[in-house]
Every structure is written in structure tokens, then in C-alpha cells.
Amino acid sequence: MMRTTPMYINSTWTEALSGDSREIYNPFDASVIARVPEGGRGDAHKAIQAARRAFDTGQWPGQPAVERARLVFTLAEAIDRDREELARLESLDSGKTVEESRWDMEEIAGIFRYYAGLADKEHGEVIASPFPQTTSKVVREPVGVCGLIAPWNYPLLQASWKIAPALAAGCTIVVKPSEITPLTTLKLAELCHEAGFPPGVVNVILGPGAEVGAQLAESPDVDLISFTGGIATGKTIMRAAAGNVKKVALELGGKNPNIIFDDADFDLAVDYALNGVFFHAGQICSAGARLLVQDAIHDRFVAALRDRMSRIVLGNGFDAQTEMGPVISQEHLDKVEHYVESACQEGASLLLGGQRPSAPELQNGYFFEPTLFSECTSDMRIVQEEVFGPVVTVERFTTEQEAIDLANGTIYGLSAGFWTRDPDRMERVAQGLRAGTVWINDFNVYFVQAPWGGFKQSGIGRELGRSGLEEYTEVKHIYHNYATRPVHWFGAAR
Ligand SMILES: NC(=O)c1ccc[n+]([C@@H]2O[C@H](COP(=O)([O-])OP(=O)(O)OC[C@H]3O[C@@H](n4cnc5c(N)ncnc54)[C@H](O)[C@@H]3O)[C@@H](O)[C@H]2O)c1
Ligand SMILES: C[N+](C)(C)CC=O
């Protein structure tokens, strides 16, 4: 299957100004599945100008919110209709199992429905003015032109967390998917076209982050940049955004602790420890890749985990029996291997995996075996840094406070989970953990109604929920004096 899809700028299908293109690969076997334009700064500039005009002429932001809601809802219905095609495209492009991609598409349609529903629920607020014969009200207005930059691991899901609320709020958008996984976002552009968004409201551009993404971050014509991706890129974007003090929303990485207390439901905790890590071969920002296990159950837990991990079925995401696909690219595979080597050198005990699988049918793809390290300590790189692969580390602890301190002992604070039957401990530990999401007796749960985002260096701002819509609005206070009297303060005889 070979697709060729141009970029989408000002409601027009567009090749790159340079004429350059890029091949897109299936991580399962490194085969070429598509060729797309490779945009550059000039293409980004064109898209930004289209979004700027669409915003400044007011056609979209000035529309009644119910009208915007109608179009966002129409888009949700189109996504729902084409969800199987979208899911298959996502799996081809990212290597994740088609079953996982189906969940993503269901969730994505729900995200557009949710924000279509919220679009006309913003009523503003009347303030009790301290002055007579005046009124004071607070309204929310769309922030303007938004640059939306998405990563490769959940290409359409992460883009939709931005696109749906931005459109519902009345912003105009320039979307940049990861250059290696653009296919579902291009398909979404087709669905936006079909839904009938006015020209310039939705633009999708492609190309390398350091050019196209950087142009979005730097441009004085962009009012807000919302970015999901790695911490180093996030910092670069913050610096670039300083030029015009644009608003910045960042969803960055995580090194998420999953704490197993000795009073936990043992079998459930083992089961969910696997769910916490191995979806999409561990390439999840919220992967519970850092297990903290209490002394009394440590050895039994590690043995049970190792046993289940050894039975994970690797393969093509389109095969029904496949449980885990490849990682995204050769470059990423090299990075995972490098972390595994560093963990061995630092003294972690490799209990399983740690290498590429030997099965002949997996040799063309970017596969890595589920990998388990025990005897890990908090000073190891493998414990502190995001590996973003099918690798889990186990640290041992004795007391509750020690578990909290270990859990909080990284620069990240995206999510955290813990397992216990003690209701008092549930409250204490949930309060002690410094993370944007805390799961008690569960892991890796997210839904559109609840906010998502990170403490510490895991990010700035929140996506999803009402906060996800508020990110795309400016607060305006309107004060009206309807009985203005002279004050004669300056230059008048008193
Ligand atoms: N917090 C969350 O909700 C969340 C969700 C998904 C992924 N992530 C994080 O994303 C990372 C993996 O994604 P990735 O490898 O695609 O990240 P990345 O930072 O390499 O790239 C993300 C996007 O930024 C673009 N980009 C790269 N350099 C840029 C620059 N200088 N200026 C502007 N844009 C630039 C890329 O082209 C891509 O579209 C992981 O760290 C993961 O934890 C976080
Ligand atoms: C936010 N989430 C869990 C959907 C994807 C993180 O990579």
C-alpha cells in the first residue's frame, strides 16, 4: 500500500515549496508505505499566514459558538465513520497493534464530541463591581492562531487533544504531526475539509521539527504553541516562543512510578504492572516503567512478572495474536539498546530480554524483547531517564515514606500509581506523590473528562477536561461605567 497525500494549507492540497518529499516506513518490516511532502520554513510561513487571516477577519472566531460546535461534531461523526481506516493507517505508520489503534480512534471521536458539547457552555461571569452604576463581567475569547506540534507515539490522539479544544474555542490552527508518523493527521485534514471548516481555520503542514516546528515556535504571528514531545525539544520551544511571549503549553515525558505495597491484591498488581508498561512497546509517556516493590513481596512479585513478560507475543500489529509490536525506528531501537547497556554497566540485574528477538520473521522490523531489570537504584540512568521502550526496572523499598521519596525522586511528575488495600494509606500516598495524575489500584487510565498534564519538568498546562478548553482562551475583563461623572483631577480647578 502506498499513499501520497499533500499538505493542507488554506483549504488547498499543497506540495512542499521545495518539491521535496519523504518516505514513510512501517516499523514492522521497514517497508515504504507512503510518500509525503517534506515542508520547510516557507510552507510553515504560508500556513501561519492563512491561519492569521482566518482569525483576524473574524469569520471563525466570530461565529456563534453553536455553529462551531456543529462543525466540530460533524468532524467527530466523520472520524467515527472512518475509524477502521484510521486505525489501520495508525498501526501501519506506528507499529502499534491495530487493537490499540482502534481504542485510540474511539477515544478520538469522543474527544471531538466532548469539545463540541463544551463549545457553547462558556457563559462568562458577572463580577460584583465595587463601584456604583457600573457592570463588570469576565468573558473568555479565543487566544488566536495556535501552532500544534504532536509526537510519533500516539500521532492522532495527541494531535486531537489539541485540535478539538482549539477549534471549539474559536482558534485557527496550524498542525504539525511528527515527520515520521503523519498519515492519520493528513487523513484528519481530509475529514476537516469534508466537514466544511472555512479556509485557513485548519492547516496541516509536514516537515522536520527543527525547521517547520521551529518556525511555528518562533513566528510572531502565532499566539500559542502547544507541544507534546520530549523534554529537550520542549525547552527549545520555550526559548523560541519567548520572542513574542506567546503562550506555551507543554506535555513532556515521564518516568512514572508504580508502587506495589505488600498488602496489594498481588495478582491484580502483577497484571496491571504489565499493562502499565507494554502497550505500544513501552512508548508511552505514562508508562509505569519504574516499579517500586515492598520488601516482603519483592521476590515473589519479580518472579511472577518475569514469568508473564516471558510470554508476551511479539509480531505484526495486524495479527490478532500479537501483543506487542516494534519500536518506531532503527534510531530509537539503538537508543533503547544503549540504555540497556548502561543499566548493565551500572550494576542492575538483567532478568529477562535485553536484546533483539531472534525470530526470523521479526528481523526486518525494529523489535526489542520485553526487558526486566531488578536490583535497580535511584542513581542509575535507567531509573532516572525516559527509555521509551519495553523495559521495566524494579527498585525495592521498606517503608511507605521511602516509597514516596523514591517515587518523587526524578525530574518528572507526569503520572504515578500505587497498589494497596489500606484506605488510610490511599489518602496519604495520593497526597504525597508529585504527579499530574495518580492512580490508586489501577494504571494508565485517561479519559477526556479529566485533565491531563505534568508536575515538575513533565510539562506546563493541562489538556483534556474543561482545563483543556481554557488553554485556548484568553480571559477578558469588561468594565462598563454607565453613569460616568467628571473627576477634574488634572489641570482643572478643584
Ligand atoms: N505528556 C504527554 O501527554 C505525552 C504524550 C505523548 C508523548 N509524550 C512525550 O513525547 C516524547 C516522544 O515523542 P517524540 O520523540 O516525537 O518527541 P520529539 O520532541 O522528538 O518530537 C515531537 C514533535 O516536535 C517536533 N520538533 C522537533 N524539534 C523541534 C523544534 N526544534 N521545534 C519545534 N518542534 C520540534 C517533532 O518534529 C515532532 O513533531 C516522549 O518524551 C514522550 O514522553 C508526552
Ligand atoms: C497520554 N497518553 C497516555 C495517551 C499517551 C502518552 O504517550
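**View 1. Lys-162 sits in helix H5 (residues 155-169).** Helices here are DSSP runs of H or I with at least four residues, strands are runs of E with at least two, and both are numbered from the N terminus. This is a predicted model, where local features need pLDDT of at least 70, side-chain atom pairs count only at pLDDT 80 or more, and totals for chains, interfaces and linings use all residues. Residues are numbered from 1 along each chain as its sequence is written, chains are lettered from A and ligands numbered from 1 in the order in which they are written, and side-chain values use heavy atoms, with hydrogens and water left out.

Lys-162 is buried, with a relative accessible area of 1%. Buried means under 20% relative accessible area, exposed means over 50%, and partly exposed is in between (1.4 Å probe, protein chains only). Look for the polar contact between the side chains of Lys-162 and Glu-463, at 3.0 Å. That term stands for a pair of N or O atoms within 3.5 Å; within protein, one must be able to donate a hydrogen and the other to accept it, and residues adjacent in sequence count only if both atoms are side-chain atoms. Not counting residues up to four places away in sequence, Lys-162 also touches others, including Ser-226, Phe-227 and Tyr-472; a contact means heavy atoms within 4.5 Å.

**View 2. Ser-160 is also a residue of helix H5.** With a relative accessible area of 0%, Ser-160 is buried. Its side chain reaches the backbone oxygen of Leu-156 at 2.8 Å. Setting aside neighbours within four places in sequence, Ser-160 is in contact with Ile-108, Ile-111, Phe-112 and Pro-165.

**View 3. His-280 is in the loop between helix H9 (266-278) and S14.** Is His-280 buried or exposed? At 2% relative accessibility, His-280 counts as buried. The His-280 side chain reaches the backbone oxygen of Asn-153 at 3.1 Å. Beyond its neighbours within four places in sequence, His-280 has contacts that include Ser-94, Lys-96 and Tyr-154.

**View 4. Strand S11 (224-228) is largely enclosed by the rest of the structure, because five of its five residues are buried.** Leu-224, Ser-226 and Thr-228 point one way from S11, while Ile-225 and Phe-227 point the other way. S8 runs parallel to S11 and is joined to it by four bridges; two strands pair if DSSP finds at least two bridges between them. Leu-148 has Ser-226 in S11 as its bridge partner. S11 also runs parallel to strand S12 (residues 247-251), with five bridges joining the two. There, Leu-224 stands opposite Lys-247.

**View 5. Strand S17 (residues 391-397) is mostly covered, with six of its seven residues buried.** Strand S14 (residues 290-294) runs parallel to S17, and five bridges join them. One pair to find is Val-293 with Arg-396 in S17. Strand S16 (residues 371-374) pairs with S17 in the parallel sense too, over three bridges. In that pairing, Thr-371 stands opposite Val-391.

**View 6. Helix H7 (residues 209-218) has buried residues that include Val-212, Gln-215 and Leu-216.** What do the buried residues of H7 pack against? Their packing partners are helix H1 (41-56), strand S8 (145-149), strand S9 (172-176), strand S11 and helix H8 (231-241).
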